[in-house]
Amino acid sequence: MFKSKTLKAGIFSAALTVVLAGCAQEPDEGAVGNANNDGGTNDNAANGEDANNDGDEAAGGGEGGDLVIATLSDANMLDPHSASDIPSGQANSNIFETLTKYDTDMELEPLLAEEWEAVEEDVWEFKLVEGVTFHDGSEFNADVVKMNIERILDPELASPRAILVDIIDEVIVVDDHTVQFRTEDPFAPLPAHLAHYSISMISPEVIEEDYARVEDGDQYGQYVNENPIGTGAFKFESWDTGDQLVMLKNEDYWGEPAHLDSVTLKVVPEDLTRVGELETGAAHVIDPLTPSDMSQVENSEGIEVYQRSAASITYMGFNMEKEPFDDERVRRAVALALDRESMVEGILEGTGVRAVGPINDTQFGFSENVDAVEQDYDEARELLAEAGYEDGFDTVIWTNDSRERQDIAELAQADLAQIGINAEINVVEWGAYLDATGAGDHDIFILGLSLGTGDADYPLHMLFHSENAGPQGNRSFMQDEEFDQMLHEARIEQDEDTRLALYEDIVNYLNEQSPMAFLYHPDHIMGVADNVEGFWADPSGLYQLKDIQLNN
């Protein structure tokens, strides 16, 4: 088994220091290293004949070959500005590119921007890479950056990721390859926010056509979803929803091209079936590999476990618009009933750490000096009695079709029975699950979030800000003006020590109000064939495919 180095709390601070100094690091060309919480035609690839190859391993030799990744869930949306889930991000992050990016240690690096600096207290300036073209041949320049950021901020699009860039007041085109962002207030994390895959650059021709189609009655993002055109090392080939998505090598890539000919993201919902496909060579990578299946992979010839600490949170949320979860005493009672240690040790088999709040030590703003919620049945029963539910009540725990999350639901069901709450479990397919929880159909739900920017500002706004209630990310429907103001004060604070103290207060407030119960931070665990060289995933679990080679 191989495992990347553990991420440490100081990593983002180091990256931020580089950013504030005014210049990005050079990209590390040699960086190599890990489910739910993203052209022309090639009939064989589209039909899965070459990609799956009847169980035989794909052609190797270092150059070329067809990589197959067996995944739990299909992508939900190929418009990166509208997507809000990791399965969509797996495709989007390889078709599209962002201005900045993170390496495996969460150090900020250049991508479509070669350098950046704060030229005024509230103005960031980015120098763009020259000579970059989209898959359709259109040019990447400062006007395109302006078009993309303004699209994300367009209230009609209602991007679930607008929260990442909504502090931008104005996008200023200085020249063809220089762009400035004027912000409402000084905002140090902006370069980090621009590394999130959802702030990807889409072809200007595709954006223009999407708006034109909207005028003819289409939905926003529909044309982009059907024509995902970016600048990435891979370009979209085909998508048989619910089955597989195929990407081909971009032969005209502006940088060092990919080694692979194609990548197929193949949907295999059953955990043991994925392991079987890895063992037979029908898949080169499987994601996720459940902890209970790790020993089978470790004891098999020709395959290994890929495991890394993750920038993510798994939580159990409550619909604060529905009784009885509109009462903070009920929410906190449920949070107090849960045995997080059993989840980490029993379900994850130790491949993660229990959460004391929504962020972990991969994020600026994390602190262990918060009042963590510990299991306490007696206090939970007292709170239920105070709220008028001394005899308990009936409820439903919603989850998607992940074995890990179903196991969490069953463990939580047993815990809640100890305080008189009778909980049924409702398992829903991934796409339908996102729709239902975004619409507020649920009572209790289990979900996760990748903490993809290295700074607490993003996940806290994403999960809890009033303006983000609903499918944008705040599926607890928390709407709290006092809390929103706390977030704003932390966002604009320039002193790091003061800002950290503000986030400690914020997390303590969340643990008291309990819009959700913070469960654990899981490791990313995947299975990888020995002939796959150069595979790694970023701290959010997004596959980095450009440098992969298949060897015989």
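**Reading contacts, a sheet and a core**

Reader: Which residues does Ser-466 touch, not counting residues up to four places away in sequence?

Author: In this predicted model, Ser-466 touches Asn-474, Met-478, Gln-479, Asp-480 and Asp-484 when residues up to four places away in sequence are not counted. With Asp-484, the side chain of Ser-466 makes a polar contact of 2.6 Å.

Reader: Where does Ser-466 lie, and is Ser-466 buried or exposed?

Author: Ser-466 sits in the loop between helix H16 (457-464) and helix H17 (481-492). A residue counts as buried under 20% relative accessible area. Ser-466 has 18%, so it is buried.

Reader: In what order do the 4 strands of the open sheet stand?

Author: The order is S5-S6-S8-S7, with antiparallel pairing. Strand S5 (113-120) and strand S7 (168-175) each have a single partner strand, so they stand at the edges and one side of each lacks a neighbour in the sheet. From one strand to the next, the twist averages 20 degrees.

Reader: How many bridges join S7 to strand S8, and what packs on the sheet?

Author: S7 and strand S8 (residues 178-183) run antiparallel and are joined by 6 bridges. Ile-172, for instance, has Gln-180 of S8 as its bridge partner. Helix H5 (residues 142-153) packs on the sheet and touches strand S6 (123-128), S7 and S8. The direction of H5 makes about 170 degrees with that of S7.

Reader: Which residues of the largest nonpolar core touch the most other members?

Author: In soluble globular proteins, nonpolar side chains tend to be buried together. Here the largest nonpolar core has 151 residues, and Leu-99, Phe-126, Phe-140, Phe-181 and Met-316 touch the most other members. Helix H11 (residues 328-337) supplies the largest share, 6 residues. Leaving aside neighbours within four places in sequence, the contacts of Phe-181 include Leu-99, Phe-126, Val-145 and Ile-149.

Notes. Residues numbered from 1 in each chain as written. Predicted model: local features only at pLDDT ≥ 70, side-chain atom pairs only at ≥ 80, totals over all residues. Heavy atoms only, no water. Pairing = 2+ DSSP bridges. Helix = DSSP H or I, 4+ residues; strand = E, 2+ residues; numbered from the N terminus. Axes fitted to C-alpha atoms, helices over the stretch in contact; angles between N-to-C directions. Contact = heavy atoms within 4.5 Å. Core = buried A, V, L, I, M, F, W, Y, C linked by side-chain atoms within 4.5 Å. Buried < 20%, exposed > 50% of the residue type's maximum accessible area, 1.4 Å probe, protein only. Polar contact = N/O pair within 3.5 Å; in protein donor to acceptor, adjacent residues only side chain to side chain.
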